[in-house]
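Happy to walk through this one with you. Have a look at the fold, and then let's take it question by question.

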Amino acid sequence: MIEATHQVDRSQWADLFSERTIGSYVADAAARCADVTAIVDAGERISYGDLFDRVTRVVGGLRRLGVEPGDVALLQLPNWWEASVVIHAVARAGAVVNPVIPIYREHELSFIVDQARPRALVVPHWFRGHDHVAMIRDVLADIDVPPVVVVVRPQGPLPDGFVPFDDLLAAEPDVEDRGSAERIALLLYTSGTTADPKGVLHDHRNLDYENRSIIELFGLDETSTVLGMSPVTHVSGFLYAVLLPAMLGAKAVLLDTWDPVACRQLVDAESCRFTIGATPFLQGLVDDYVTDPGECPIAAFACGGADVPPDLVRQARRVLDAAVVRIYGSSEFSTVTCGRPDDDERIAAETDGRPIGPIECRIDHPDGHGVGELLARGPEVFGGYLDPSLNDAAFTDDGWFRTGDLASMDADGAVTIRGRLKDIIIRGGENISAKEVEDLLYGHPAVKEVAVVAMADPVMTERACAFVVPMAGESPTLADLTAYLETRHIARQKYPERLELVDELPKTASGKIQKFVLREWVRGAP
């Protein structure tokens, strides 16, 4: 049985929590609107009545395989309808769902399996040319009592002990909800912007409240068709493309592989109204509507999970004619701040919005102003890491969560993320914000994407290196970039002193740039 490892005092928010479990809403939706479409996946349409039937059968199948309340069930699936079914089923079985993004391979999976000790794994056979069955077989080879492995969409014979997903769907339905509001429901590993992922624990209460706060903030209802671009095994996809639609009785439209043209077609065909996604998703959608103009049905797009350039938000608000705002959160604290649909363009584009509801933020700075580490507390905060030795560094003595992000707060209470604590370049004793330079360089017409990292220097301690993905047909030079920055009137010591042109930047599944990879590269390169 997995328990919270850090006892957060939630008494001040007690009246905000319900006793609902995250698996209870799919049953309500099936009773209330059985014929309403719940999921659209690659042309397949599943109603809420059918979804609940499949969920209860998978609950029965999981229990038959020995999955009991408190057990961990690891899920490594793309945005397929089966992923939604499994998530709801694991929650209703009273087990702990452990979503793992499909791009993880043997190294990451071995670490997670060794630490989380899942009772069951649910994986695809093949996805994007990769044989997940062969990979899992290798990962489990040295485990004396391996977990059961359920294979979705099998293609050919399976190894001994591997079970096709259809066997679960053929089980007798089990309609009992064995979840409990105060129990851990989610074990989620941080997505890899640092080298070591951490297992984050959430109970039913804070996940439930998180979604209710987003529903209220954006005024969502059963007509708010949700576009699911983020992986459902990432915190944003898990919350907003799986759990939130069921709470509303709304339709979820899933996209398993990012393609802006296919996404645009789904948005138009299904009249998608709401989505939360990272910067590459917003950029791709905007570019497609620029290339092929038309009326966009999206009413609200909350963009976060990666640095969001202000100019992109301004452009998106014009092109999509939607309430495009920035949103900030993490695996540990799902949503801390967010722009409101009626915010003016300054707050929407230049800040990450204000704290939501009862959430409190403060800047760890001697006078409480200026730039410092953002500290936060509120009902959505996690219940500690699976490895409890990590908790002390994550919380202050008086219970505030240390986000690890640098931020400032303006007179309106709007928070602006200024970069990671480790994302400061110390040049000659002066601190330089990599994000400030990146936001400026993003405005250069030859720059498609940019990441700035520190490189060691024997004289200045560190200097800035810019990794740039250029626009098609462009080859900007370091002189081009510094000349552009000169027109933006920033201090010369902030200029990058090295430029690397690359085809792409290393990213997590949610679109965050993995700067530790770039730092390792620049350390090893002459």
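Q: How many bridges join β3 to strand β4, and do they run parallel or antiparallel?
A: A quick note first: this is a predicted model, where local features need pLDDT of at least 70, side-chain atom pairs count only at pLDDT 80 or more, and totals for chains, interfaces and linings use all residues. Residues are numbered from 1 along each chain as its sequence is written, and side-chain values use heavy atoms, with hydrogens and water left out. Helices (H or I, at least four residues) and strands (E, at least two) are DSSP runs numbered from the N terminus, and strands pair if DSSP finds at least two bridges between them. Between β3 (residues 72–75) and β4 (residues 96–99) there are four bridges, and the direction is parallel.

Q: Which residue is the bridge partner of Leu 75 in β4?
A: β3, helix α3 (residues 81–92) and β4 make a right-handed β-α-β unit (with the strands pointing away from the viewer, the path from the first strand over the helix to the second runs clockwise). Within β4, Leu 75 has as its bridge partner Pro 99.

Q: Which residue in β5 stands opposite Ala 73?
A: β3 is also joined to strand β5 (residues 120–124) by three bridges, and these two run parallel. Ala 73 and Leu 75 point one way from β3, Val 72 and Leu 74 the other, and all are buried (under 20% relative accessible area with a 1.4 Å probe, protein chains only). In β5, the residue opposite Ala 73 is Ala 120.

Q: Why is α14 described as roughly perpendicular to α15?
A: The axes of α14 (residues 434–441) and α15 (residues 478–487) come within 10 Å; axes are lines fitted to C-alpha atoms, for helices over the stretch in contact, with angles from 0 to 180 degrees between N-to-C directions. They cross at roughly 95 degrees. Because 65 to 115 degrees counts as roughly perpendicular, α14 is roughly perpendicular to α15.

Conventions
Buried < 20%, exposed > 50% of the residue type's maximum accessible area, 1.4 Å probe, protein only. Parallel < 35°, antiparallel > 145°, perpendicular 65-115°, else oblique.
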